[in-house]
Structure formats: structure tokens, C-alpha cells
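Look over the sequence and the model first, then read the points below.

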Amino acid sequence: MTYQTRMLACTLFLSLFPVALLGFVSSFLSVQSVQEEVDKNQRMMLKQIEYQLNNVLFDLKESSLQIAQDLIVRESFMAGPSPEHFRVTMNMINTLQKYRSVTRFPFGVTLLYPLSHRAYSTQLGLGSIKDRYYDSLVKAVTPKYMGITVISPNTYHNQKDLLIVKPVSIENAIDGIVVLHVDIKIFYEYLNQIEMGSTKVLVIDNRGRIVLSPQSEEIGDRVSSASALYTYWNSEAGQSGSAEVRGDAYSVTSFKSGQKAWTYLAMTPKQELNRKAGQIEQLTLSIVGILIAVWGGIALFVYWKMYSPIRRLLLKFSPAASKGVDSVSAIDTFMNEMIKQNQQLSTQLYEQLPLVQENVILQLLYGNAPGDELLERMRRWDLTFQGEWFYTGIVEIDALHEFIQMYKQEDRTSMMNELAAMIRTVCGKRFSCVTVSPQPGQIAFITLSGRSDAGSDDCIAQTASELRRTAHERFKFTVSVAVAPAVQHLHEVGQGYQTAQEYLGFRYLLGPDMTITRHDVEQSAVIQPADRITAQWYKQILTSLSEGDIGRAEEQFNQMFAALPRHLPDFRMIKGILSYFLEEIDQLMIEIQGRTLHDLLGRNPYTELYRQPSLGETREWFGHVFFPSVKQQLERMSQDKSRRIAEETLNYIHEHFESDFSLQQVAGVFGVSSSQLSRFFKQTTKVNFVDYVIHYRISKAKEWLVYTDMTIKDISDRLRYTTTQNFTRVFKQIVGMPPGKYRTEFRLGKKSDSPVD
């Protein structure tokens, strides 16, 4: 059978068989798809209902909590609802009316007084706890749980409302109980806003009582273990299935609320689902019949269209091919030849791959290409890393001149290749590693670590020491290894390479066959004189920068810079000290501004430093470029910071004016010094901190004198004055009269100005 015949048979089979199979499968899955769609819709509907109910309950709980924490209500709980405390009781009644008037959802309030066995209800007035179901409610509340409890309707005799219960503890285990009565009709109003069709919704609380049902007589009933709905309520997670309720079959979807452990049930009649499934099945079979007829004709047409390109392709590859030749076999022979040639080209490319990889790594070290471009090249040429932090190191032969004289060129190349392989092997035990030879007698390596901390630094230092020992054992020469601090970004690897080069410069002071890291440079006794010179300036310069005094910081830097050449005659070593100095400033900028030097200057400061060819030009760069740029950025950001802190300080004063606080304490809250806070506040408000606090407290005192019956002593104590005489003296100094006279004149109408400034 030729390919042409096989292709025709396969085309017809593959075209018609799936369509026929689709018809049978679609018919089988129609019922399932309808059920899944119903389950999905029911779950969405239940989540919407849960969201609506949660909003209502959240507001009600919030109201109960506010009432329980209200000072007037708590005073009423301690005093009790009695004629002896008429003012307290009336204040409590007015307070409850205020809370009921501002809520979005209407509710009634009952306050239970367990100590006096009394109750006050906004619907029924004063009464006894023995009335209605209050006594049972009090017995159910225990000191072990002082949170808010939601009680379903009909839990107690003659309880038609949903109850929100919040115990209150002041001096005793339970001094009072706040009970909110909510008409269940509120929830029906929200249910009516949701399009449910023939679907019925039940809400069952965590005790198994029905909270919400289309049939009001079911509300408050418990779901018995014999009920078909018990399994859905008792399940820890939502599920779907079928249930028979009162002789009717339903498709049931349950949803478990995570907040209240309530169960939401949606029930759709099975009869409606079967009707929809039958309609889908009939429609599916009709469509399948049409598709079989249409697709058969299309298959024949496509067959001729598909085979014609194959024939034309064969004539292009082999113009001499006759009609009797199997087209696909001839094309297969030609493709095998192409694959063989492609394999030969791949082999040649693989042989050149190390050279290409070395070129990419060199560009990374020298910073000759953008980071994103280099990352793409590394992926293309199989240079992948596993980690987040880059360590850049250099292994360099100590006696390079003797090494060149001792070995021929081909021997040196071979030994350097062996050295690079040895480095990859040793580093590969702990890190992902690549190597390259940027200079004669030198191998640079880049490793990656999952973190940058003291443990990682110790690990890379141990690896470097192992490299030296292994090189000394395998070759007849010694090497020194310099490792730069870890960097997090690919474009900073070049900076790490430059730092490692600087560290190698210390080899002339430290000696050959050494491992040199930042720790070694900082701890070296040879380099300590320079460190002592710089250490005495570092703290002063950084302190000046943190306080925003750039001029003083620049003056201190110039003094340090003038002292360095006397202790470090090598310009490269001075650059290393200055590079470390930039790192300290960089860390300071991150702490106080949340931005790096690169962000502030708009360019890489380390690159700019290493570009300076001489000591004089380096000093000029710091004086004319670095410090002016930092000063400009810090001044702009300092203005925004001072305004923000001043506004937050105003809010703090307004919220805590009844508490004892000082300028130092408020400065500590916002993480600034007292002098900084005083300056920020004065710049923004044009008033100093202490004067503003005094005037604000006196304005509150004027308001209380006019609109409340608080005594002058109470006002003095509330505003944290040590004595009433002290308060009176300050009040008279600012207002022009004593507080008692101010209250009298204002209430007699002798003053027309507002008591609130």
C-alpha cells in the first residue's frame, strides 16, 4: 500500500471517528457538565450569601464591641440600673440610642446586670434577669470565654431574634452582658437581592441549628443525624451530592464558612437538572450528525490539498523523481543527509564553545555589556548559575616572571588549563563556578551562593585556602587567592573583579601564597596604620552624613584624604580604602534613605572611582562630583521627610494630648533625635513643639468648660497638669482670665467668640 493510499484511509478515519466518539462521550457527559455548572453556580451564590451575611454580622459585632467598651455603659454596669444612679442610667440610655441611630442595620439592645440581677432592654425598659430567657443566657456565659457569641433564633424559649452576646469584665469575672437583638428579616432582605431561581438556601450554625431557611418554621430547629442534610453539616469541608428532603430529590452543594464554622447549603431540584441534561443531549447528537456529514467532505478535500505540497517538495529535492516513487521515503532519505551534516556542524560548534564562554565571562568581568544582554548570552551558551549572590575571586601565580622563563608557551597553556580545571573542581564541591583567564598567570573565578553572610564568607575563604594547598601540591609554584565581597546583581561582578585586583595589591605587603579577603585586609597588621587613620574619620564622616551636614562631612573627608598618602604610598591601596569608604556610605544611605548611592547619583560610584587615574583627580572627583550630588539629593529628600514627620507629630499630639509625653518620647516614636523633631515641627507649623501642645490642651479645656459639667480639677487632671493652681495659671496666661470666670461669662452670654480655637 502506497503512502498516498494510507494517507487517504487515515484521513477519513481520523476525521470521522473522533466526531462519532464525541457524540457518545458528549451524551454521557451532558448530565455531568450540567451538575458541575450547577455546583459552580451554587458555590458562587453561597459565597456571595456568606459575604453579605458576614458584612451584616461584622457590623453588628463591631457595634456590640463598641457598646461593651463604652465608658458610660461600663459605668452603668458597675453602678447598676437603679434610681440611686439615675444620671448614670440616663446617660447609658442616651448612649445606647446613639449607637442604634448610627448603625446601618437596626437592632435592639439589652444590658444584663448579673451582680444586681437586673436587665435593661431598649424594647422593654427595666426589668429582672428572670424575665424572658435572660436567666438562661446569663448561665450560658462563662468567664472562660469573653468573646462575642452569635446565638441562632429559637435557641431559647420565645427567642425570635438572632442574638449577638458580648460579656463585659471590669472588676469581676463578668460585670455585665451586652445583648444585641437582630430581626431575622434583615437576612431575608439580602437573600432577596440574589437571583436564586428554584434553588433553596439553608444556613446552619456550628451547633446544628438552622439560622436561615425559606420556611420560617424551620428556623431554630436542629438538624438531626437522621436527616439527609446531616452529612453535609457534619462534614469539615464543603461537598456536593444528592439528598432527599420531604420526598423531593435535590442536588446539594455545601460551603463551610471559615470564620463562624457555619454551613451554607444550596439545593436545586433534580427534576430541573434532568430536563436541562436531556436538552443538551438532544442538541449534541444533532450537531454530531451534521459534523459527520460536513467533516467527511472536508477530509477528502484536505487530503488532496495536503498531498500536493508533499509532491512538490519531492520535485524540489529530487527533480528526476518519477510518479512511481514513494514521496515520503525519498524525502526521508534527503532529511537524513541533512541531519548528518547538522551533527557535524554541532560538533564543530561544541569544540569552539569554551572559547565563546570565556569571551562572555571576560565581558562580564570588564563590564563591557549591559547586565540583561550578558545574562541572555550566558543562557544561550550554557553558562547557568544556581544562587543569588556572586563571589568574584582571582587566583594568580606568585612568581609569574620565573614561571614564564621556566616553561614554554604550550606548557604554560596546558598548566593554566589544568589550574582552571582544578579551580572548578574544588569550588564545585560547594558552589556553582565558572573560570576564565583574563591575564597571563591569572585565573578569575565567579561562584554563586544562596546567601551572603558570615557563614558564606567563611566557606568561600576556606575554599580559597584549599585552592592554594591543592595548587601547591599539584604544581611547582605557589599562588595567591583574592576574593571580593559578595554582590547581588550581575552588573556588579565587574566591580567585584576590580576589588579582587585591589586585594591582590596587598600581596606585596602580606607576602606570597596568601588568601586575601576583605576580612584579611581589615585585620592585617601591615595595613592597620592606614586603618587607624581612616577609622578615626569614618565615624565622624558617617555621623555628619546621617545628620545631613554634607559640608562638615566633606571637610572631614578632605582631612582623612590628606593623611592617607603618608601611610599608603601605593595609589591602588588608597583606592581600596576609598572603595571600602564608599561601601560604608552606601550602607548608611540604605539605612536612612532606603536608597543606594547608585540611586542617589544616577551612576555607579565604584566605577567612577576606579576610572580616576591619579590621586589628584580622585580628590577632585569627590569634591566636585560626589559630595555635591549627595548633598543635592539628601536636601530634597530631607524636606519631604521633615514635612511628613511634622504632620505625623500633629496627629500624635491630637490623639495623645491626655497622656504624659515629652519631646524626647515623641522623637523616639518616629525614630529621630529631639533636636531634629523640634526643627522639623517648627519649619512646618511655624510654632515650636511645647507651645503647640500647651495651646492645644488649653483649647480642649475651653471646650470642656463650656460644653460639659467637668470640674476644673477633673479638667486639670485629664490634661495632665500636676496641680489645679498650675493649670489655672497657664489658662489665665493664655486666655486672659481664670477658667471658672471663663465658664461663667461664656454661659451668661458675655462672650461671643467660639470656645474652640
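Helices (H or I, at least four residues) and strands (E, at least two) are DSSP runs, numbered from the N terminus. By that rule, Q556 lies in helix α17, which spans residues 550-567. This is a predicted model: local features need pLDDT of at least 70, side-chain atom pairs count only at pLDDT 80 or more, and totals for chains, interfaces and linings use all residues. Residues are numbered from 1 along each chain as its sequence is written, and side-chain values use heavy atoms, with hydrogens and water left out.

**The chain as a whole**

- The chain has 27 helices and 16 strands.
- Of its 757 residues, 43% are buried. Buried means under 20% relative accessible area, exposed means over 50%, and partly exposed is in between (1.4 Å probe, protein chains only).
- Contact means heavy atoms within 4.5 Å. Among contacts in the chain with a separation of 6 or more, 60% join residues 24 or more positions apart.
- The chain exposes about 40,900 Å², and carbon and sulfur atoms supply 53% of that area. Accessible areas come from the Shrake-Rupley method with a 1.4 Å probe; for residues, only the protein chains shown count as cover.

**Nonpolar cores**

- A nonpolar core is a set of buried Ala, Val, Leu, Ile, Met, Phe, Trp, Tyr and Cys residues joined through side-chain atoms within 4.5 Å.
- The largest one holds 39 residues. I67, L111 and F187 touch the most other members.
- Helix α1 (residues 3-69) gives this core its largest share, nine residues.
- Setting aside residues up to four places away in sequence, F187 touches L53, V56, L57, L162, V182 and L212.

**Helix α2 and its ends**

- Helix α2 covers residues 71-79, and V73, S76 and F77 in it are buried.
- These three cover an arc of only 100° around the axis, so they sit on the same side of α2. The arc is that of the directions from the helix axis to the C-beta atoms.
- An α-helix has 3.6 residues a turn, so residues three or four places apart point the same way.
- D70 caps the N-terminal end of α2. One of its side-chain oxygens lies 2.9 Å from the backbone nitrogen of I72.
- A polar contact is a pair of N or O atoms within 3.5 Å. Within protein, one must be able to donate a hydrogen and the other to accept it, and residues adjacent in sequence count only if both atoms are side-chain atoms.
- G80 follows α2, and its phi is positive, near 90°.

**D175, a buried loop residue**

- D175 lies in the loop between β5 (162-168) and β6 (176-182).
- Its relative accessible area is 0%, so D175 is buried.
- Leaving aside neighbours within four places in sequence, D175 is in contact with F77, M78, P114, L115, V168, S169 and I170.
- D175 and L115 are 60 residues apart along the chain, yet their C-alpha atoms are separated by 6.7 Å.
- The side chain of D175 reaches the backbone nitrogen of I170 at 2.5 Å.

- R43 is found in helix α1. Its relative accessible area is 27%, so R43 is partly exposed.
- R43 touches G238, Q239, S240, T253 and S254, not counting residues up to four places away in sequence.
- R43 and A266 are 223 residues apart in sequence and 8.0 Å apart in space, C-alpha to C-alpha.
- Q556 counts as buried, at 11% relative accessibility. Beyond residues up to four places away in sequence, Q556 touches W537, Q540, I541 and S544.
- S629 is in helix α21 (residues 615-656). At 19% relative accessibility, S629 counts as buried.
- A polar atom of the S629 side chain lies 2.8 Å from the backbone oxygen of V625. Leaving aside neighbours within four places in sequence, S629 is in contact with L601 and R603.

**Cysteines**

- A disulfide is a pair of cysteine sulfur atoms within 2.5 Å. The structure holds zero disulfides.
- C433 is in no disulfide, and the nearest cysteine sulfur, that of C427, is 4.1 Å away. C433 counts as buried, at 16% relative accessibility.
- The sulfur of C459 is 9.7 Å from the closest cysteine sulfur, in C427, and that is too far for a bond.
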